[in-house]
Amino acid sequence: MIIPRRNLGLLLALSAFLAPVSSAATVLPQDLNGDFNEGVQLLHQGRKAEALVAFQRILAADPANEAAYQLWKETDHQIWIELLVEGGDFKLVANRIMDRATKQREMSRNDEDAIRGLVDTLRNSGD
């Protein structure tokens, strides 16, 4: 039986969501960065299937919004553009991570205590 590439990619993406939930509690930011950097390197080497597996490990780990935000901040915007332009499952991975980062950014913007602390810092500075 021959499976078209599109269906194979979809099958791989769905398998990432069926990973054990216990791994989600143990994801560390450095693991997230390591998998992401590995995926980017593999993609640049033209090893797309292996790159997709590395990116899907990130989704399977179900990173917290804060970890996704840190990854988004630390990653060059050109890499995000490359993933989006690549399309398919790569675009899905990039969109999922960026959606989580956006949620964290929105939460940070609405954090009154953090805002109040920054305002106090500015008031107390000599500038």
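**Salt bridges in the predicted model**

Glu 38 and Arg 57 form a side-chain salt bridge, with N and O 2.7 Å apart. Glu 38 sits in helix H2 and Arg 57 in helix H3, so this pair ties together parts 19 residues apart in sequence. This is a predicted model, in which local features need pLDDT of at least 70 and side-chain atom pairs count only at pLDDT 80 or more, while totals for chains, interfaces and linings use all residues. Residues are numbered from 1 along each chain as its sequence is written, and side-chain values use heavy atoms, with hydrogens and water left out.

Pairs
- The whole structure holds six salt bridges (a side-chain nitrogen of Lys or Arg within 4 Å of a carboxyl oxygen of Asp or Glu).
- Asp 35 also pairs with Arg 57, at 3.2 Å from N to O.
- That pair connects helix H2 with helix H3 (residues 48-61) across 22 residues; helices are DSSP runs of H or I, at least four residues, numbered from the N terminus.
- Asp 62 and Arg 100 form another salt bridge, their closest N and O atoms being 2.4 Å apart.
- Asp 62 is in the loop between H3 and helix H4 (65-74), and Arg 100 is in helix H6 (residues 88-109), 38 residues apart.
- Shared partners join Asp 35, Glu 38 and Arg 57 into one network.

Accessibility
- Asp 35 is buried, at 18% relative accessible area (buried is under 20%, exposed over 50%, partly exposed in between, with a 1.4 Å probe and protein chains only).
- Arg 57 is partly exposed at 35%, and Glu 38 is partly exposed at 33%.

Notes:
Helices (H or I, at least four residues) and strands (E, at least two) are DSSP runs, numbered from the N terminus.
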